[in-house]
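Please read these notes with the model open.

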Amino acid sequence: QLQASGGGLVQAGGSLRLSCAASDRTFSTYAMGWFRQAPGKEREFVAAISWSGGSTSYTDSIKGRFTISRDNAKNTVYLQMNSLKPEDTVVYYCAATPYMSYGADEYGYWGQGTQVTVSS
């Protein structure tokens, strides 16, 4: 029901925009989040946005570089990633939850993940 896309290979300092398309308008009433996960590590919170887009939250390591936004008319959430660093190289997942949360366990719906690779 959630389809993430937009990952790819980019040089350090470059930009990518991830998209997460929802299959129906139900998700326009959900808070949405982006997480990332490196092999062998737990899924890490990256950013979240309220259902209206009026509230956003970011993990410290990406503040000032990444921006989460949403277009409810298109049932899509975005993660604009600028000034990418090699340590941003992981799989990124989008997810939906009734209320904004930092915890992966609070999200009941997940996209399939999209790989971001940043070369140095």
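Predicted model: local features only at pLDDT ≥ 70, side-chain atom pairs only at ≥ 80, totals over all residues.

1. Start with the disulfide. A search of the whole structure finds one. The bond joins Cys20 to Cys94, with an S to S distance of 2.1 Å. The pair links distant parts of the chain. Cys20 sits in strand E3, Cys94 in strand E9 (residues 90-97), and the two are 74 residues apart.

2. What is the handedness of the disulfide between Cys20 and Cys94? The torsion about the S-S bond is about 65°, so the disulfide is right-handed.

3. Are the two cysteines buried or exposed? Cys20 has a relative accessible area of 1%, so Cys20 counts as buried. Cys94 is buried too, because its relative accessible area is 1%. The cut-off for buried is under 20%.

4. Next, the cavity. Searching the whole structure for cavities of 30 Å³ or more gives one. The volume of the largest cavity is about 60 Å³. Its lining has 13 residues, and the closest to the centre are Ala22, Phe27, Arg70, Asn75 and Thr76.

5. Which strand gives the largest share of that lining? Strand E3 does, with three residues. Strands E3 (16-22) and E8 each supply at least two residues of the lining. By type, the lining residues divide into seven nonpolar, four polar and two charged.

6. Now Thr76, one of the residues closest to the cavity centre. Thr76 is found in strand E8, which runs over residues 76-81. With a relative accessible area of 11%, Thr76 falls under the 20% cut-off and is therefore buried.

7. What does the side chain of Thr76 reach? It reaches the backbone oxygen of Lys74, at 2.8 Å. Please check this pair in the viewer.

8. Neighbours within four places in sequence are left aside here. Thr76 is then in contact with Ser19, Cys20, Ala21, Arg70 and Asp71. Among these partners is Cys20, the residue of strand E3 that is joined to Cys94.

9. Cys20 lies in strand E3, and E3 supplies three residues of the cavity lining.

Conventions:
Residues numbered from 1 in each chain as written. Heavy atoms only, no water. Helix = DSSP H or I, 4+ residues; strand = E, 2+ residues; numbered from the N terminus. Buried < 20%, exposed > 50% of the residue type's maximum accessible area, 1.4 Å probe, protein only. Polar contact = N/O pair within 3.5 Å; in protein donor to acceptor, adjacent residues only side chain to side chain. Contact = heavy atoms within 4.5 Å. 1 Å grid on protein atoms, 1.4 Å probe; cavity = no way out; pocket = protein on both sides within 12 Å on 5 of 7 lines; lining within 4 Å. Points joined across faces, edges and corners; volume = space filled by probe spheres on them. Nonpolar A, V, L, I, M, F, W, Y, C, P; charged D, E, K, R; others polar. Disulfide = S-S within 2.5 Å.
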